[in-house]
Every structure is written in C-alpha cells, then in structure tokens.
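User: I have a chain open and would like to go through some of its local features. Could we take them one at a time?

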Amino acid sequence: MAAHEAREMVRHLPFLSLGKEGRAMRLQTDRLLLRPPERADWATLIAMIGDYDVAKNLAGVAHPYTEAHAREFYIRADESRAKGEGWPFSIYRKGDSAYIGGVGLRLKDGTLELGYWLGRAHWGKGYATEAARRALGFAFHDLKAQSVWAGWFHDNPRSGHVLEKLGFRFTRSEPRDCLARGQAVNCHLTTLAREDFGRQRKSLGAA
Ligand SMILES: CC(C)(COP(=O)(O)OP(=O)(O)OC[C@H]1O[C@@H](n2cnc3c(N)ncnc32)[C@H](O)[C@@H]1OP(=O)(O)O)[C@@H](O)C(=O)NCCC(=O)NCCS
C-alpha cells in the first residue's frame, strides 16, 4: 500500500475514541459469538493451534506451540487491544459455547490486517467466513476503516476461497515468513475496500 493511502486510512480510524467498552467489544453472528481471548481457554488453544495443519497456514504461530507461547499470546492480545493496535477475538459456537478458533484485526504500518483460524475439527462448516464477515463489519463500521488486507499462503486455497467469498481482491504475491515452517512462503495479498464490503452487505440484504 502506498504511503499516502496508509495515511488516508489512519486519518479515518477513530481508535483512540473507542473507549474501554469498545475495546472489549463482543460481537455475534447467527451461529457464533466473538469475544476477547480468555485465559481459561489456554488448553484448547494449545490443542487447536498446536496442530501443524493450522499453524503452517499462519504467519506468526510457532510449532510446536507451548504453554509459554499461549501465555505470550494472551499478554499481547490484552496489550494490543489496550493500545488500539489489535482486536483479537476468540470464536465460540452459540449452541454449546465451544471455543473453536480465532479471528482478529491488526494495525501495522497504518494498514489493517484480517487474520483467522479454526481448530481442524471445525473446518468446512462456513464458520471462518461467518466470523471474518462479522470482524470486517467491526472494521468498517466501528473502526471506520477504508480498506482491510489479508494474505494467504499459495498452498492454502481453502483460505483463498474464504477471502474470495468475502469480496477480497488479489493485489500481489510476495514471500512472507512463516514461523511454523521456519521459512518464507509465497503469499497472495488481497484487499477489501470499504465500498465493496458495503455493496456486498446490501446484496445480502443486510441493514
Ligand atoms: C482457512 C480456514 C480458516 C477455513 O475455515 P472454514 O470454516 O473451513 O472456511 P469456510 O467453511 O467458511 O469456507 C471454506 C471454503 O473453502 C472451500 N474449500 C475447501 N477446500 C478447498 C480447496 N482445497 N480449495 C479451494 N476451496 C476449498 C469450501 O468449499 C468453502 O467454500 P464454499 O462455502 O463455497 O463451499 C481453516 O481451514 C483454517 O483454520 N485453516 C488453518 C489456518 C488458516 O489457514 N487461516 C487462514 C490464514 S490466511
């Protein structure tokens, strides 16, 4: 993203005025609840994200994933939220309150990045698309973002398809470090503009 675009985007982000309540915001969809990560979930977090098939598709998740990594994750989640630099959410299924994964937005160099993952047992049910769409609603409605970007590793077409369903458009490919694989992996970068998200919501019949 060009520097002037990044500056333009930041100008529109009212992060500092979100207040304590806004930072701890809870979101919901038809089937899911999104809440700030809770330390009580640490064992399930380690079991789910400790799965190499999950970790290898994320940029910054170590493998093996230890208790120390989980502890660091919760500390960073609290800090980034408090600083207005990140909005990590844990995903819970409404029916049985099961903790099934995570979705979040992260501000870096003036741009907002979307990330998401689910425990292996919960793939293929549309949960990622549903959770990510709600997080994008938060980005565009509450944070007043002008655009959001996301990247997917070339050998993870499932995630590429999630982003396509959400209306993201390909911008370019570049190598990105993957902690779990211990090497850089070709990553497809995509962006979703505010107008495109708004158009999509209208066509889905949303208010
Ligand atoms: C990527 C991930 C979040 C997807 O979660 P999910 O809940 O299964 O996703 P959804 O069900 O919402 O959508 C998946 C879509 O991909 C499609 N799909 C499945 N396998 C696919 C493949 N090999 N190639 C292309 N599309 C595929 C599904 O059919 C579905 O599309 P549809 O609704 O049109 O049928 C999940 O697999 C995951 O956590 N992976 C590991 C972490 C990760 O990759 N995170 C994203 C980093 S960019």
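User: Along strand S2, which side chains point to one face and are buried, and which point to the other?
Analyst: This is a predicted model. In S2, residues 32-35, Leu32 and Leu34 point to one face and are buried.

User: Why do the side chains alternate?
Analyst: In a regular strand, side chains alternate between the two faces of the sheet.

User: Which way does S1 run relative to S2, parallel or antiparallel?
Analyst: Strand S1, residues 27-28, and S2 run antiparallel and are joined by two bridges.

User: Changing topic: is Ile75 buried or exposed?
Analyst: Ile75, which belongs to helix H5, residues 67-83, counts as exposed because it has 11 C-beta neighbours inside 10 Å. The cut-off for exposed is 12 or fewer.

User: What separates the C-alpha atoms of Ile75 and Pro37?
Analyst: A distance of 10.0 Å separates those two C-alpha atoms, while Ile75 and Pro37 are 38 residues apart along the chain.

User: On to helix H7. Which residues are buried there?
Analyst: In H7, residues 157-165, the buried residues are Ser159, Val162 and Leu163. They fall within an arc of 95 degrees when seen down the axis of H7, so they line one face of the helix.

User: What do the buried residues of H7 pack against?
Analyst: They pack against helix H6 (127-142), strand S6 (147-153) and strand S8 (183-193).

User: Which residues are exposed on the other side of H7?
Analyst: Pro157 and Arg158 are exposed on that other side.

User: What follows H7?
Analyst: Gly167 follows H7, and its phi is positive, near 95 degrees.

User: Finally, the whole chain: how many helices and strands are there?
Analyst: The protein chain has eight helices and eight strands. Of its 207 residues, 33% are buried.

User: And what share of the contacts with a separation of 6 or more comes from residues 24 or more positions apart?
Analyst: Residues 24 or more positions apart account for 60% of those contacts in the protein chain.

How values were computed:
Residues are numbered from 1 along each chain as its sequence is written. This is a predicted model: local features need pLDDT of at least 70, side-chain atom pairs count only at pLDDT 80 or more; totals for chains, interfaces and linings use all residues. A residue is buried if 20 or more other C-beta atoms lie within 10 Å of its own, exposed if 12 or fewer, and partly exposed in between; C-beta atoms are placed from the backbone. Helices (H or I, at least four residues) and strands (E, at least two) are DSSP runs, numbered from the N terminus. Two strands pair if DSSP finds at least two bridges between them. The arc is that of the directions from the helix axis to the C-beta atoms. Two residues are in contact if their C-beta atoms, placed from the backbone, lie within 7 Å.
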